[in-house]
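Colleague: Please take me through the terms used for this structure. I would like to see each one set against its definition.

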Amino acid sequence: MRYGKFLRLVLWEFEEIWHFPTLELIAGIAIFFGLSTSSTITVLPSARGLDVEFALSRFFMFQMLLIAVLFARSIAGCIEKREILIFFTYPVKRTSVLASKFLINLSLTFIIFGSVVIARALIVHLEPWNTSVLIVLFILFLQTFFLSTLSLIFSIITKRTWAAMLLVIIFFFTISSALSQLEPPFKYLFGTDPIFYCLTMGFTHYTFEDFTVALGSIVITSIVFLLTSFIYFKRMQVD
Amino acid sequence: MKPPLRIGIFFLTIAISLFLAEFQRANSPITFGGGGNLKPYEWRDMISCLLGSQNLRISFSTVNGTLTSLYLLNPQGLQEWKDTGTINPIIRIENLSSNIGIYDIPSRDFYTIVVHNSNNATEGIHIDLTLYGFEKDLTLAIEIITIIAMAVPTICFISKKVTAHSHKKEV
């Protein structure tokens, strides 16, 4: 019964945010960004794995903008338009409302971009269960999870659609330009390259410290953002 | 919007974006090559590459202008050549001192270019390859997705009509 309510919330969110033509446009643009470049002709599996990883950097900007817009519309928009008050009158927990919004947006974004990564892998003759492809999918998940929690916290704190969207973009560019000035390993905070290279090729390009800093910063920050968002949402007052 | 129609439009959007991506890929040729000196009567696997099912322009020339042969082998052909010495190529260019030709790659796979110097003197060879054009497997995927996009709403519409018709008859 509890799962039934949660599923209904998820379906409601899907119909509200992923309505026609949002899903179609996002899938179309992701396919174009991920597959339009020529693929490698090399026979080396590591180089073909790099080709698949390259797809991530091709659609990163689009992915970031998309997640910022989706979460701002889904959560900040819902609070701004006071639709959230209707949810609060239902016999469902506040955490279930937020979890349904978070999960549907996170999972659909990951499924769309993950499918493009798998298609790219098939084009370069790598099976989807190949280690390099699984590592790229893992990195894609980390990237999507981090961006989703970042957008989630800004959406809840600002409670305004445009403010949430802009803050995510400004925050991202400010942080990335500030981090590029730093020395390793702090230069690799929130970076995915050290994770990919260390997991596929060992510690030849990056040190263990770089790897730990990159992976740890993404995982810890995402968890902190997620927990803070849920705690804040649970106690949040809507005027 | 009704679910079958939405499914149809979703698949159609995927087909259109795949077509645009394929068009972009078809118009971005990949050029690569190799070369080296071949000893008298030497056979050598010169270039190994992953080729899509596109057009392959092969251009080769020899330094001294003596007759040389070039073969493009798939993995089975390469294994057979290594095991038994029998050459069973996809593309065969024999006894030419230079040549430019456009060939069709049948499927996406790993291919190896094997060259043979049939003379009793050392010969230098240079090979240039350009891969371009529409990929047959991607085109097939687009066609299948388009058929699904058309079929899902059509089948749903027909089955609905049939059900309504039989229900009307019963009444």
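Modeller: Helix α6 (residues 94–123) of chain A packs against helix α10 (residues 208–235) of chain A at about 135 degrees, with axes 9 Å apart. This is a predicted model: local features need pLDDT of at least 70, side-chain atom pairs count only at pLDDT 80 or more, and totals for chains, interfaces and linings use all residues. Residues are numbered from 1 along each chain as its sequence is written, and chains are lettered from A and ligands numbered from 1 in the order in which they are written.

Colleague: What makes α6(A) oblique to α10(A)?

Modeller: Angles under 35 degrees count as roughly parallel, over 145 as roughly antiparallel, 65 to 115 as roughly perpendicular and the rest as oblique. The angle here is about 135 degrees, so α6(A) is oblique to α10(A).

Colleague: Which residues make the contact?

Modeller: Residues are in contact if their C-beta atoms, placed from the backbone, lie within 7 Å. Arg94(A), Thr95(A) and Leu98(A) of α6(A) meet Phe230(A), Phe233(A) and Lys234(A) of α10(A).

Colleague: What is the order of the open sheet of 4 strands in chain B?

Modeller: The order is β2-β7-β4-β5, with antiparallel pairing. Strands (E, at least two residues) are DSSP runs, numbered from the N terminus.

Colleague: Why do β2 and β5 of chain B stand at the edges?

Modeller: Each has a single partner strand, so one side of each is left without a neighbour in the sheet.

Colleague: How do you know that β2(B) pairs with β7(B)?

Modeller: Pairing takes at least two DSSP bridges between two strands. β2(B) and β7(B) are joined by 8 bridges. Within this pair, Cys49(B) stands opposite Tyr111(B).

Note on methods
Axes fitted to C-alpha atoms, helices over the stretch in contact; angles between N-to-C directions. Contact = placed C-beta atoms within 7 Å.
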